[in-house]
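Student: I have a new structure to read. Please walk me through it.

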Amino acid sequence: MEENQARQRAAQDRLGLLLRNKKGSSMVEATIVFPLVILVVMAVILILAFLYNEVATSTKSHLALTEAMGRETETVWVYKNVPENIAVTQGRHLLKPCFFSKEGVDFQKRGLLENSFTKVLEYRVYGIKEKKVIRYADFLE
């Protein structure tokens with residue numbers, strides 16, 4: 001009986017030594033944390049790429065709308081590097097002449113994303129004919 005108790009104590013001591021041994025704990029932590037860090041970095045890169053595309057589309061639309069309104073009001077120099085793939089339509093909004101542009105920015109399906117989506121950006125530029133404004137101001141004086 002004493003032999004059995006001695007064996008049990010020895011087994012418990014070995015088990016206690018194994019549980020107190022910290023040699024593999026850093027490796028286990030690294031295998032859990034490292035993929036999460038890579039996933040977060042990739043998500044940040046994809047979000048930054050989407051934001052860059054959004055700003056680039058906004059800039060192109062701004063150039064196209066400003067150039068179109070500049071031609072209409074004859075007050076703005078025409079840019080040389082106006083993008084031609086931006087659709088600009090002329091119309092009226094609140095009884096004022098304006099130009100509209102509607103462009104979509106795509107977020108592609110990559111990695112863990114199941115669906116791709118498109119953010120639609122709408123822009124509007126109003127025209128003011130400065131010659132008429134100056135004439136009205138002179139008339140009021």
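**Reading the sheet and its helix**

Tutor: In β3, Phe117 is the bridge partner of Phe107. This is a predicted model: local features need pLDDT of at least 70, side-chain atom pairs count only at pLDDT 80 or more, and totals for chains, interfaces and linings use all residues. Residues are numbered from 1 along each chain as its sequence is written, and side-chain values use heavy atoms, leaving out hydrogens and water.

Student: How many bridges join strand β2 to β3?

Tutor: Two strands pair if DSSP finds at least two bridges between them. Here 10 bridges join β2 (residues 96–107) to β3, and the two run antiparallel.

Student: What is the strand order of the open sheet?

Tutor: The order is β1-β2-β3, with antiparallel pairing. Strands β1 (88–93) and β3 (117–126) are the edges, each pairing on one side only. From one strand to the next, the twist averages 35 degrees.

Student: Which strands does α2 touch?

Tutor: Contact means heavy atoms within 4.5 Å. Helix α2 packs on the sheet and touches β1, β2 and β3. Its direction makes about 160 degrees with that of β2. Angles run from 0 to 180 degrees between N-to-C directions.

Student: Is Glu54 buried or exposed?

Tutor: Buried means under 20% relative accessible area, exposed over 50%, partly exposed in between (1.4 Å probe, protein chains only). Glu54 lies in helix α2. It counts as buried because its relative accessibility is 17%. Leaving aside neighbours within four places in sequence, Glu54 contacts Val105, Lys119 and Leu121.

Student: Why does Ile38 count as partly exposed?

Tutor: Ile38 also lies in α2 (residues 25–73). Its relative accessibility is 42%, so it counts as partly exposed.

Key
Helix = DSSP H or I, 4+ residues; strand = E, 2+ residues; numbered from the N terminus.
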